[in-house]
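Me: I have the sequence and the model open. Please take me through them step by step.

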Amino acid sequence: MRIDGELAKQKGSREVAKEKNRCCSRKKSKRQQKKALAAPRPTVVQRLWETCKEVFADSGPGVVPSPGDVGRLRSFLDGMRPADVGLHPDLPFFRDFKGTPPVTYLHLHQCPKYSIGIFCLPQAAVIPLHNHPGMTVFSKLLFGSMHIRSYDWADSSKQIRSSNGPCLAKLNTDSVMNAPCETSILYPAAGGNMHCFTAVTSCAVLDVLGPPYSGLEGRDCKYYTEVLCSSFPGNAAASAVPGDDDRYAWLEEREGKPDDFNVRGEEYKGPKIVGY
């Protein structure tokens, strides 16, 4: 019948159209796959920035990221190597210097939520004892050996002061780190919020600070001198020390950056961060 013929013709047209659509879809899928294979893989630095953006999305002064986010960023940093940021020990930053060796800072990124940077220390260089107000800080030693000495206030709820002004702090860390090693983390009131770095060999440490320093928001970097409690027996302030006084020190705030701390900024020449 003519009606049956028309229906068969329409059915055949639909099948042809479906097959054309399937062919187009397959071709499109292949093009997408080729495009994905041709696209450059994000660098380690790019992925670090993206991870930090997620980890510190809801953070602020005194607000610590969730344990899961802390672990995620720490795990990512643990896997980083000097080559990921274009560093090697033969660069001029790490050569021996006469006199006080300077510390070189390479700036990668800063926004209101966090900052990323690298401190390059030649042998014997020192970053003096300083604080990180309201911050969570991740420090990844990329290569070399570095001595870390760090403190937290003895009482996180209040600062215990001596009669002449210094505040009591408890020693958190006093040891040498040798790369490769785990990323160290300090918190607003724990983990060694006040620390001092000394380069045993030339070394580089990548720091992620959340949030970064900001004078406008009351997060200035303060420097301290330390006096071990055992060095002044009989002082009335010594009675405030609970237990082993070698684990405690009185920290006195300095007026500004120490004169012998020479830190200079240099251009970061490693893989760039894009998209911000």
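**Charges, rings and contacts**

Me: How many salt bridges does the count come to?

Reply: The count comes to six salt bridges, where a salt bridge is a side-chain nitrogen of Lys or Arg within 4 Å of a carboxyl oxygen of Asp or Glu. The model is a predicted one, in which local features need pLDDT of at least 70 and side-chain atom pairs count only at pLDDT 80 or more, while totals for chains, interfaces and linings use all residues. Residues are numbered from 1 along each chain as its sequence is written, and side-chain values use heavy atoms, with hydrogens and water left out.

Me: Which residue forms a salt bridge with E182?

Reply: The partner of E182 is R74, and the closest N and O atoms of the two are 4.0 Å apart. This pair links distant parts of the chain, as E182 is in the loop between β6 and β7, R74 is in helix α3, and 108 residues separate them. Helices (H or I, at least four residues) and strands (E, at least two) are DSSP runs, numbered from the N terminus.

Me: Is E182 buried or exposed?

Reply: E182 has 57% relative accessibility and therefore counts as exposed. R74, with a relative accessible area of 30%, is partly exposed. The classes are buried for under 20% relative accessible area, exposed for over 50%, and partly exposed in between (1.4 Å probe, protein chains only).

Me: And R149, what does it pair with?

Reply: R149 forms a salt bridge with D174, and here the closest N and O atoms are 2.8 Å apart. The two residues come from distant parts of the chain, R149 from strand β5 and D174 from strand β6, 25 residues apart. R149 counts as buried because its relative accessibility is 17%, whereas D174 is partly exposed at 41%.

Me: What about R219?

Reply: R219 forms a salt bridge with E217, the closest N and O atoms being 2.8 Å apart. With 4% relative accessibility, R219 counts as buried, while E217 is exposed at 53%. There is also a network of salt bridges that links E54, D69 and R72.

Me: Where is D152 found, and what does its side chain reach?

Reply: D152 is in strand β5, which covers residues 145-153. Its side chain reaches the backbone nitrogen of G191 at 3.2 Å. Leaving out residues up to four places away in sequence, D152 touches several others, among them A169, N172, G192 and M194. Contact means heavy atoms within 4.5 Å.

Me: Changing topic: how many aromatic pairs are there?

Reply: The count comes to seven aromatic pairs. Rings of Phe, Tyr and Trp (its six-membered ring) pair if their centres lie within 6.5 Å; planes under 30 degrees apart count as stacked, over 60 as edge-to-face and the rest as tilted. F93 and F94 have ring centres 6.0 Å apart and planes at 75°, so this pair is edge-to-face. The rings of F94 and F143 also form an edge-to-face pair, because their centres are 5.0 Å apart and their planes lie at 75°. F94 lies in the loop between α3 (67-78) and β1 (103-110) and F143 in strand β4 (residues 136-143), so the pair ties together parts that are 49 residues apart in sequence.

Me: Are F94 and F143 buried or exposed?

Reply: F94 counts as buried because its relative accessibility is 4%, and F143 counts as buried at 10%. Elsewhere, ring pairs link F56, Y114 and F138 into a cluster.

Me: Which residues is A179 in contact with?

Reply: Apart from neighbours within four places in sequence, A179 is in contact with L141, L142, F143 and G144. A179 and L141 are 38 residues apart in sequence, and their C-alpha atoms are 6.0 Å apart in space. A179 lies in the loop between β6 (167-178) and β7 (184-186).

Me: Finally, what does the secondary structure of the whole chain come to?

Reply: The protein chain has three helices and twelve strands. Of its 276 residues, 39% count as buried. Among contacts between residues at least 6 apart in sequence, 79% join residues at least 24 apart.

Key: Polar contact = N/O pair within 3.5 Å; in protein donor to acceptor, adjacent residues only side chain to side chain.
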